[in-house]
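Colleague: I am new to this model and would like a close look at a single part of it. Please start with the chain as a whole and then stay with one residue and its surroundings.

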Amino acid sequence: EWAGLRPANQSGPSEAYRLNCGAENFDFTDGGGNWWMKDEPFTALYRWGFTGGQAGGQSTADIQGTTEDAIYQTHHYGPAGMAYRLEVPNGRYTVKLHFAETYWTQPGQRVFDVQVENQLIQNVDIVARAPGQNRAYVMTFTADVTDEALDVSFPRAVVDMAMISGIEAQVVSVSDDNFLGFVERKL
């Protein structure tokens with residue numbers, strides 16, 4: 001819901017979309033009281049979700065570099081073209097992409113491109129960025145949304161398939177007009 005949405009720099013609680021990619025059966029609340037939604041296709045809700053790819057296996061491994069293992073013990077994976085879409089009011093957002101390689105152990109075994117809005121990062125190799133298996137890794141972007149949709153895509157799978165464990169999108173700034181217009185169009 002967007003009813004109590006505030007940027008993180010204003011008083012009161014701020015809200016964010018948090019998607020636990022690959023978690024098919026349950027939403028959960030993390031240790032900080034943040035709600036993470038289970039993975040769902042965009043067509044199920046037409047507000048947020050994935051297109052392409054599929055949920056990966058559930059890992060029970062301890063994930064290093066985090067106290068929130070549940071985010072990283074599932075993932076969504078797929079070939080080039082897999083994407084996530086979150087319908088949001090136009091504005092500026094901080095987007096965090098969460099990864100943990102729970103299958104491969106060496107660099108070069110999974111390499112893919114990731115794009116948040118118009119920002120493309122090529123040749124992402126999680127094991128090379130967070131050496132070893134079962135280590136949390138977070139990529140942070142600032143994204144300007146101008147079409148009421150925050151898009152996270154995986155345009156190229158270089159080696160094996162692209163994968164992601166979680167997505168967070170938090171408001172930095174949204175004008176009152178953009179917020180109210182968005183809510184009116186969604187009712």
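What share of the contacts in the chain with a separation of 6 or more comes from residues 24 or more positions apart? And in which loop does Asp-39 lie?

Modeller: The model is predicted, so local features need pLDDT of at least 70 and side-chain atom pairs pLDDT 80 or more, while totals for chains, interfaces and linings use all residues. Residues are numbered from 1 along each chain as its sequence is written, and side-chain values use heavy atoms, without hydrogens and water.

Residues 24 or more positions apart account for 71% of those contacts (heavy atoms within 4.5 Å). The chain has four helices and 15 strands (DSSP runs numbered from the N terminus: H or I of at least four residues, E of at least two). Its C-alpha trace spans about 50 × 35 × 30 Å along the principal axes. Of the 187 residues, 44% are buried (under 20% relative accessible area with a 1.4 Å probe, protein chains only; exposed is over 50%, partly exposed in between).

Asp-39 lies in the loop between strand 3 (35–38) and helix 1 (42–45). Asp-39 has a relative accessible area of 9%, so it counts as buried. Beyond its neighbours within four places in sequence, Asp-39 is in contact with Asn-20, Cys-21, Gly-22, Ala-23, Phe-50, His-76 and Tyr-84. With Gly-22, the side chain of Asp-39 reaches the backbone nitrogen at 2.9 Å. With Tyr-84, the link is a polar contact of 2.7 Å between the two side chains (N or O atoms within 3.5 Å; within protein, one able to donate a hydrogen and the other to accept it, and sequence-adjacent residues count only if both atoms are side-chain atoms). Ala-55, 16 residues from Asp-39 in sequence, is 7.9 Å away, C-alpha to C-alpha.

Two of these contacts, Phe-50 and Tyr-84, are both buried. The whole structure holds seven aromatic pairs (Phe, Tyr or six-membered Trp ring centres within 6.5 Å; planes under 30 degrees apart are stacked, over 60 edge-to-face, the rest tilted). The rings of Phe-50 and Tyr-84 have centres 6.1 Å apart and planes at 65°, so this pair is edge-to-face. Phe-50 belongs to strand 4 (residues 48–51) and Tyr-84 to strand 7 (residues 82–86), so the pair ties together parts 34 residues apart in sequence.

Away from its neighbours within four places in sequence, Leu-150 is in contact with residues including Tyr-84, Val-95, Ala-143, Val-145 and Ala-169. Leu-150, together with Leu-97 and Phe-99, touches the most other members of the largest nonpolar core, which has 34 residues (buried Ala, Val, Leu, Ile, Met, Phe, Trp, Tyr and Cys joined through side-chain atoms within 4.5 Å). Strand 11 gives the most to this core, five residues.
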